[in-house]
Amino acid sequence: MKRRNFLKKTSLTSVGLAIGSTLLASEETTNTTTSPNTSEEYNKASLPVVVATWKVKNATAKAMEILEAGGTALDAVEQGCMVEEADINNKSVGKGGLPDRDGKLSLDACIMDKNGNCGSVVYLQDVTHAISVARKVMEDTPHVMLAGAGAKKFALEKGFQAENLLTDAAKEAWEKWKVEAKYKPIINIENHDTIGMLAIDKNGDIAGGCTSSGLAYKLDGRVGDSPIIGAGLFIDNEVGGCVATGLGEEVVKTVGSFLVVELMRQGKTPQEACEEAIGRIVNKPNSNYKNFQVGYIAINKQGETGSYAIHEWFSMSKFQDGVNEQVPSDYYLKQ
């Protein structure tokens with residue numbers, strides 16, 4: 001049942017669907033009344049483009065395959081994120097992820113399209129492709145977020161298959177952890193590597209997605225930034241998009257991805273915006289930023305990209321102009 005029919009059948013005529021305006025730059029016209037990042041033509045020769053957090057070149061390759069075939073940015077980020085969700089060697093996303101301290105594996109994900117529509121699932125269990133369930137929430141319900149048992153029930157009703165996502169390797173790692181049962185963030189690992197992805201298609205439209213199994217050995221029910229619109233992900237099709245990775249609690253406290261996009265709206269480049277957003281974290285009173293990592297990647301309407309982190313070794317996968325590459329991120333804490 002599509003969103004329109006769902007609304008009609010449930011008589012939710014008062015539900016307001018926040019639809020952001022879409023800017024389509026062209027070679028013939030230039031809108032001089034919009035923000036600085038949209039006042040110039042974007043370079044269509046550099047489109048499409050895909051960026052993602054960390055080393056996920058298989059994921060960016062899949063997303064670019066979709067875009068080159070004429071697919072939308074939304075299709076590209078979903079398909080790209082699904083690559084990592086299905087990879088049991090990735091211990092922090094989808095099947096094969098590390099569980100919470102009680103041995104239960106739960107997934108968080110969100111997705112956002114060019115019109116400002118978004119969908120999210122939190123504490124989803126037994127369904128591999130959380131990113132796809134999040135898209136179904138966005139497209140087939142009047143809601144933005146579903147959680148826990150309700151999210152799983154919805155996924156099964158939509159045809160997703162239930163399966164055991166806790167692999168033998170993940171279970172063995174959890175058994176070893178239980179010996180001391182201590183959690184301490186590890187720089188550039190944080191016991192997880194969220195995949196966040198941004199894409200611009202051939203039409204210049206932007207979409208983004210984020211998916212994660214969250215902190216390994218977290219408290220049962222913990223939710224980080226990954227499924228939170230404005231924290232782990234934000235898209236404004238007039239301006240650009242941003243995704244975050246690292247210690248989610250710190251991203252949530254500064255509404256990081258929304259902040260980066262708003263800074264770009266004010267005229268900053270993606271790189272400048274990411275750097276200022278990291279500055280908001282490290283300059284907070286009594287911040288213990290030396291003990292955790294946060295990283296941002298961003299893209300603007302022109303296809304320009306940026307990335308920045310607190311510590312060294314964060315990186316961005318980038319597929320643009322036929323090159324799928326790993327781009328080391330600049331960082332704040334230089335010794």
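How many bridges join strand β9 to strand β10, and in which direction do the two strands run? The points below take up this pair and then other parts of the model, which is a predicted one.

1. Strands β9 (residues 294–300) and β10 (residues 305–309) run antiparallel and are joined by 5 bridges.

2. Phe 234 and Phe 258 have ring centres 5.0 Å apart and planes at 80°; with an angle over 60 degrees, the pair counts as edge-to-face. Phe 234 sits in strand β7 and Phe 258 in helix α8, so the pair ties together parts that are 24 residues apart in sequence.

3. Asn 237 lies in the loop between β7 and β8. Is Asn 237 buried or exposed? Its relative accessibility is 2%, so Asn 237 counts as buried. The side chain of Asn 237 makes a polar contact with the side chain of Asp 205 at 3.0 Å. The Asn 237 side chain also reaches the backbone nitrogen of Ile 206, at 2.8 Å.

4. Strand β2 (residues 107–112) is mostly covered, with 6 of its 6 residues buried. In a regular strand, side chains alternate between the two faces of the sheet. In β2 both faces are covered: one side carries Leu 107, Ala 109 and Ile 111, the other Asp 108, Cys 110 and Met 112, and all of these are buried.

5. Which strands does β2 pair with? Strand β3 (residues 118–124) runs antiparallel to β2 and is joined to it by 5 bridges; strand β6 (residues 206–212) is also antiparallel to β2, with 5 bridges. Ile 111 has Gly 119 of β3 as its bridge partner, while Asp 108 stands opposite Ser 212 in β6. The hairpin of β2 and β3 has 5 residues between the strands, and in it Gly 116 takes a positive phi near 85°.

6. Helix α3 (residues 73–85) packs with helix α4 (residues 130–140) at an angle of about 150°, and their axes are 8 Å apart. From α3, the contact is made by Leu 74, Asp 75, Glu 78, Cys 81, Met 82 and Glu 85. From α4, it is made by Ala 130, Ile 131, Ser 132, Arg 135, Met 138 and Glu 139. By class, the contact has 6 nonpolar, 1 polar and 5 charged residues.

7. Thr 72 lies in the loop between α2 (57–68) and α3. Its relative accessible area is 37%, so Thr 72 is partly exposed. Leaving aside neighbours within four places in sequence, Thr 72 is in contact with Ile 66, Leu 67 and Asp 201. The C-alpha atoms of Thr 72 and Pro 48 are separated by 9.8 Å, the two residues being 24 residues apart along the chain.

8. The whole structure holds 4 aromatic pairs. One of them is Trp 54 with Phe 314, whose ring centres are 5.0 Å apart with planes at 80°, so the pair is edge-to-face. Trp 54 lies in the loop between β1 (49–53) and α2, and Phe 314 in the loop between β10 and β11, so the pair ties together parts that are 260 residues apart in sequence. Both Trp 54 and Phe 314 are buried.

9. Ser 315 is found in strand β11 (residues 315–320). At 11% relative accessibility, under the 20% cut-off, Ser 315 counts as buried. Its side chain makes a polar contact with that of Gln 326 at 2.7 Å. Not counting residues up to four places away in sequence, Ser 315 touches residues including Trp 54, Lys 55, Gln 326 and Val 327.

How values were computed
Residues are numbered from 1 along each chain as its sequence is written. This is a predicted model: local features need pLDDT of at least 70, side-chain atom pairs count only at pLDDT 80 or more; totals for chains, interfaces and linings use all residues. Side-chain values use heavy atoms; hydrogens and water are left out. Axes are lines fitted to C-alpha atoms, for helices over the stretch in contact, and angles run from 0 to 180 degrees between N-to-C directions. Helices (H or I, at least four residues) and strands (E, at least two) are DSSP runs, numbered from the N terminus. Contact means heavy atoms within 4.5 Å. Ala, Val, Leu, Ile, Met, Phe, Trp, Tyr, Cys and Pro count as nonpolar, Asp, Glu, Lys and Arg as charged, and the others, Gly among them, as polar. Two strands pair if DSSP finds at least two bridges between them. Buried means under 20% relative accessible area, exposed over 50%, partly exposed in between (1.4 Å probe, protein chains only). A polar contact is a pair of N or O atoms within 3.5 Å; within protein, one must be able to donate a hydrogen and the other to accept it, and residues adjacent in sequence count only if both atoms are side-chain atoms. Rings of Phe, Tyr and Trp (its six-membered ring) pair if their centres lie within 6.5 Å; planes under 30 degrees apart count as stacked, over 60 as edge-to-face and the rest as tilted.
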